[in-house]
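Have a go at each one before reading its solution.

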Amino acid sequence: MKDHIGIDYQIAGIEILLNEDCIVQRFYPLIQYKDRLSANLSEKGILTRNACAALSDQELIEAGLPDENMAALFRCFLHLYDYKGKGIKDIPDAECRSAKEISSLLELMRLPGVKAVRAQLYLHCGIRSLSDLADADAEQLRDQIANRILQEELPFSAPFLKELRTQIAVAKVFTAYAV
């Protein structure tokens, strides 16, 4: 059974995550409320993602969302980046890897859409941690990954820029805004 763990972060992190360049279109309607919501939640002492997730729909409406439908959408957004419990068994040939490499792969696999193959590509491009990824430039990283795929004739394709931007934004929030 896989665990779904909500990574906690400061509520100010929603200002990074709720942007068109790194969020799926389904959540675009929330973007217009992010600044007011973040400010109002902070004023009420709701300072973390987990504290916010515990609020009722009415409390979210009082904090700046217009209705219950938007509160439900926001609640889905808060759980969008929950860790899906990937583990060592999800890493091919784990027994042939160093403990440091496995640790790096597992850390990178905490991100949305990052499985062992993508984590391995990041590792080959010098990204060894969430902090490394948080500091990366999406376009440069995509070029590095594309070059690595070509050089090694790997049967993979480079990630889309939006995927990278999302993963970089989440890495920033998980590191700089971690609680």
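Rings of Phe, Tyr and Trp (its six-membered ring) count as a pair if their centres lie within 6.5 Å, and planes over 60 degrees apart make the pair edge-to-face. Keep in mind that this is a predicted model.

**Exercise 1.** Find out which residues form one aromatic cluster, and work out how Phe 77 and Tyr 81 are arranged.

*Solution.* Start with the whole structure: a search turns up four aromatic pairs. One of them joins Phe 77 and Tyr 81, with 6.4 Å from centre to centre and 85 degrees between the planes, so it is edge-to-face by the over-60 cut-off. Both Phe 77 and Tyr 81 are buried. Now put the cluster together: its members are Phe 27, Phe 74, Phe 77 and Tyr 81.

**Exercise 2.** Describe the lining of the largest pocket.

*Solution.* First, the volume: about 180 Å³. Next, the lining, which includes Cys 22 and Tyr 81, along with Lys 162, Glu 163, Thr 166 and Gln 167. Helix α11 (residues 161–176) gives the most to this lining, with four residues. Finally, sort the lining by type: six residues are nonpolar, three polar and three charged.

How values were computed
Residues numbered from 1 in each chain as written. Predicted model: local features only at pLDDT ≥ 70, side-chain atom pairs only at ≥ 80, totals over all residues. Heavy atoms only, no water. Phe/Tyr/Trp six-rings, centres within 6.5 Å; stacked < 30°, edge-to-face > 60°. Buried < 20%, exposed > 50% of the residue type's maximum accessible area, 1.4 Å probe, protein only. 1 Å grid on protein atoms, 1.4 Å probe; cavity = no way out; pocket = protein on both sides within 12 Å on 5 of 7 lines; lining within 4 Å. Points joined across faces, edges and corners; volume = space filled by probe spheres on them. Helix = DSSP H or I, 4+ residues; strand = E, 2+ residues; numbered from the N terminus. Nonpolar A, V, L, I, M, F, W, Y, C, P; charged D, E, K, R; others polar.
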